[in-house]
Amino acid sequence: MDVVAVALIGVGLAMDAFAVSICKGLAMKKPTLKSILIIGLWFGAFQAIMPTIGFYLGSAMYDTIAAYDHWVAFILLAAIGLNMIREGLSGEEEGVDDSVDFKTMLVLAIATSIDALAVGISLAMTETSIIEPALLIGAITFAISAVGVKAGSAVGSRFGSRAEIAGGIILVAIGAKILLEHLGFL
């Protein structure tokens, strides 16, 4: 899978973390560099770890599903993307406080990276290495989360749902691209 596609997947996956980071920034009012780095590192690390786990799970199942792997990748990415769009359109905001303690950040990092596990499974279907994609996804999420904390403190949660919708559209588009390439349309 090419770097641009992985970067777009990274941006799409980072949107949940971005929305939570905006809320964290809003709750903090004036976040410190330390809190920005903590939030970015938690979200970035989990967005790198979860697709790696998913990749190895998907690789273990590859022989079983190789004949329809493109459909698996498409369905997983489309389901994640459509769910993100649905959540973005629902208008429901998650209540987030300003805490960056271990327990709080662990729960938030897991919650915002579950989608990345499924993406890792779909990446296993592309017969690519997971190291570079996972590192790129993690780095993108780190940067976007750090920006989200700062943006949240500056402008509030005005763009959270729009970011989630955009991320969902990106994931659906990547899934469609994988399917169309495998079917010979691209």
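These notebook entries record what I looked up on confidence, aromatic pairs and a surface patch in a predicted model.

**Entry 1: confidence.** I began with the pLDDT values. The protein chain averages 84, and 89% of the residues score at least 70. I then asked which helix has the lowest confidence. Helix α6 (residues 160–182) does, at a mean of 76, whereas helix α5 (residues 131–155) has the highest, at 93.

**Entry 2: aromatic pairs.** I found four aromatic pairs in the structure. One of them joins Trp-42 and Phe-102 edge-to-face, with 5.4 Å centre to centre and 70 degrees between the planes. This pair links distant parts of the chain, as Trp-42 lies in helix α2 (residues 33–65) and Phe-102 in helix α4 (residues 102–124), 60 residues apart. Are the two partners buried or exposed? Trp-42 is buried, because its relative accessible area is 18% and the cut-off is under 20%. Phe-102 counts as exposed at 59%. I also recorded that ring pairs link Trp-42, Phe-46 and Phe-102 into a cluster.

**Entry 3: a pair within helix α3.** Trp-71 and Phe-74 form an edge-to-face pair, at 6.4 Å centre to centre and 85 degrees between the planes. The two are about one helical turn apart, because they are three residues apart in helix α3. Trp-71 is partly exposed at 39% relative accessible area, and Phe-74 counts as partly exposed at 22%.

**Entry 4: surface.** I looked up which residues form a nonpolar patch on the surface. They are Tyr-68, Trp-71, Ile-75, Leu-180, Leu-183, Phe-185 and Leu-186, with about 740 Å² of accessible area together. Of these, I located Ile-75 in helix α3 (residues 69–90).

Technical notes:
Residues are numbered from 1 along each chain as its sequence is written. This is a predicted model: local features need pLDDT of at least 70, side-chain atom pairs count only at pLDDT 80 or more; totals for chains, interfaces and linings use all residues. Side-chain values use heavy atoms; hydrogens and water are left out. Patches are made of residues with over 30% relative accessible area and no salt bridge: like charges are joined within 9 Å, nonpolar side chains (Val, Leu, Ile, Met, Phe, Trp, Tyr) within 5 Å. Accessible areas come from the Shrake-Rupley method with a 1.4 Å probe; for residues, only the protein chains shown count as cover. A salt bridge is a side-chain nitrogen of Lys or Arg within 4 Å of a carboxyl oxygen of Asp or Glu. Helices (H or I, at least four residues) and strands (E, at least two) are DSSP runs, numbered from the N terminus. pLDDT is the predictor's confidence in each residue, from 0 to 100. Rings of Phe, Tyr and Trp (its six-membered ring) pair if their centres lie within 6.5 Å; planes under 30 degrees apart count as stacked, over 60 as edge-to-face and the rest as tilted. Buried means under 20% relative accessible area, exposed over 50%, partly exposed in between (1.4 Å probe, protein chains only).
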